[in-house]
Amino acid sequence: MNIINFISHFPDEQSCELYLKAHREKQGIHCKNCKKCTKHYWFSTKKVFECSICRRRSSLKSGTVMENSNLSLHTWFAAFLLMSATKKGLSCMELQRQLGLKKYDT
């Protein structure tokens, strides 16, 4: 995917949330309490999945590399695009500059 396609597919945070939600539902959501893929309910107001058995809630980012991150999904998706679009790789400092992040730690 090139930058033009990325902008058209993911113009805002909501489009990234819808894509990730659909992808996670297709793969099956793994409950950390039940230790298996169970039926989950979606709460759109809080943007979380809830296990139908134990009622444990998990966010869209849980179980991914984005877990425990304060960055938006749109920023993460842009980072994935930059990492996969370059042939020779991308340094952390260049990624920080391209995404406009203030800290290197992020």
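Accessible areas here come from the Shrake-Rupley method with a 1.4 Å probe, and for residues only the protein chains shown count as cover.

**View 1. The whole chain and its surface.** This is a predicted model, where local features need pLDDT of at least 70, side-chain atom pairs count only at pLDDT 80 or more, and totals for chains, interfaces and linings use all residues. Residues are numbered from 1 along each chain as its sequence is written, and side-chain values use heavy atoms, leaving out hydrogens and water. The chain's accessible surface is about 7,600 Å², with 54% of that belonging to carbon and sulfur atoms. Count along and you'll find four helices and five strands (DSSP runs numbered from the N terminus: H or I of at least four residues for helices, E of at least two for strands).

**View 2. Inside the largest nonpolar core.** Such a core is a set of buried Ala, Val, Leu, Ile, Met, Phe, Trp, Tyr and Cys residues joined through side-chain atoms within 4.5 Å; buried means under 20% relative accessible area, exposed over 50%, and partly exposed in between (1.4 Å probe, protein chains only). Among its 14 residues, Phe6, Leu20, Leu73 and Phe77 touch the most other members. Helix 2 (13-27) and helix 3 (73-85) are the elements giving two or more residues, and helix 3 gives the most, with five.

**View 3. Who touches Leu73?** Skipping residues up to four places away in sequence, Leu73 touches Glu13, Cys16, Glu17, Leu20, Leu60, Lys61 and Met66 (contact means heavy atoms within 4.5 Å).

**View 4. Met83 on helix 3.** Met83 is found in helix 3. It counts as partly exposed because its relative accessibility is 45%.
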